Amino acid sequence: MSTRTFRVTVRGVFDGLSAEQRAGLLERAAEHDVLRAAFTPEGSLTYDVAVRPAFTFRFLDSGEDEEDILEATERAEESARAWLEQRGYGYRNLRSTAEDLSQAPLGKRQRREAARKGF
């Protein structure tokens, strides 16, 4: 059985931030810029509260079966909640999407290489 790789994106909106919390987020904004975004096991957070109060966490997880994507999504949401709550950040509209990379369509170059190898 092969291991499947899952990419989970958890989105939400900061809610009820105090002036100090907002200032702290603005101070660390460069660390959480979208250009530094990556799918990681521990989660990668991006936001730009100067523009709008939305945030995105990106998680990388894995499983053996197609159904494991549901558990991966639950773990990602729980990790995002824990990160926010540990720092006292209010949030709302938390929602997730997940992708099983084994089911992702191949790009043009990947299709060409697969055809060349006889897959």
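**Close-up views of strands, salt bridges and a charged patch**

R75 has a relative accessible area of 40% and is therefore partly exposed (buried is under 20%, exposed over 50%, partly exposed in between, with a 1.4 Å probe and protein chains only; areas follow the Shrake-Rupley method). The model is predicted, with pLDDT of at least 70 required for local features and 80 or more for side-chain atom pairs, while totals for chains, interfaces and linings use all residues. Residues are numbered from 1 along each chain as its sequence is written, and side-chain values use heavy atoms, without hydrogens or water.

**View 1. A salt bridge joins D61 and R75.** The N to O distance is 2.9 Å (a salt bridge is a side-chain nitrogen of Lys or Arg within 4 Å of a carboxyl oxygen of Asp or Glu). Because D61 belongs to strand 3 and R75 to helix 2, the pair ties together parts 14 residues apart in sequence (helices, H or I, of at least four residues and strands, E, of at least two are DSSP runs numbered from the N terminus). D61, at 22% relative accessibility, is partly exposed.

**View 2. Strand 3 pairs with strand 1 and with strand 2.** Strand 1 (residues 4-14) runs antiparallel to strand 3, joined by 10 bridges (pairing requires at least two DSSP bridges between two strands). V8 stands opposite F59 of strand 3. Strand 2 (residues 44-48) is antiparallel to strand 3 over 5 bridges, L45 having F57 as its bridge partner.

**View 3. D15 and R92 form a salt bridge.** Their closest N and O atoms are 3.4 Å apart. D15 lies in the loop between strand 1 and helix 1 (19-27) and R92 in strand 4 (residues 91-100), so the contact ties together parts 77 residues apart in sequence. D15 is partly exposed at 37%, and R92 is partly exposed at 39%.

View 4. R81 is partly exposed at 27%, as is E78 at 45%. Shared partners join E77, E78 and R81 into one salt-bridge network. The whole structure contains 6 salt bridges.

**View 5. E64, D65, E66 and E67 form a negative surface patch.** Patch residues have over 30% relative accessible area and no salt bridge, with like charges joined within 9 Å and nonpolar side chains (Val, Leu, Ile, Met, Phe, Trp, Tyr) within 5 Å. E67 sits in the loop between strand 3 (52-63) and helix 2 (68-86) and is exposed at 52% relative accessibility.

Conventions. Areas by Shrake-Rupley, 256 points an atom, 1.4 Å probe, with all protein chains shown as cover. Lys, Arg positive; Asp, Glu negative; His and termini not counted. Charge placed at Lys NZ, Arg CZ, Asp CG, Glu CD.
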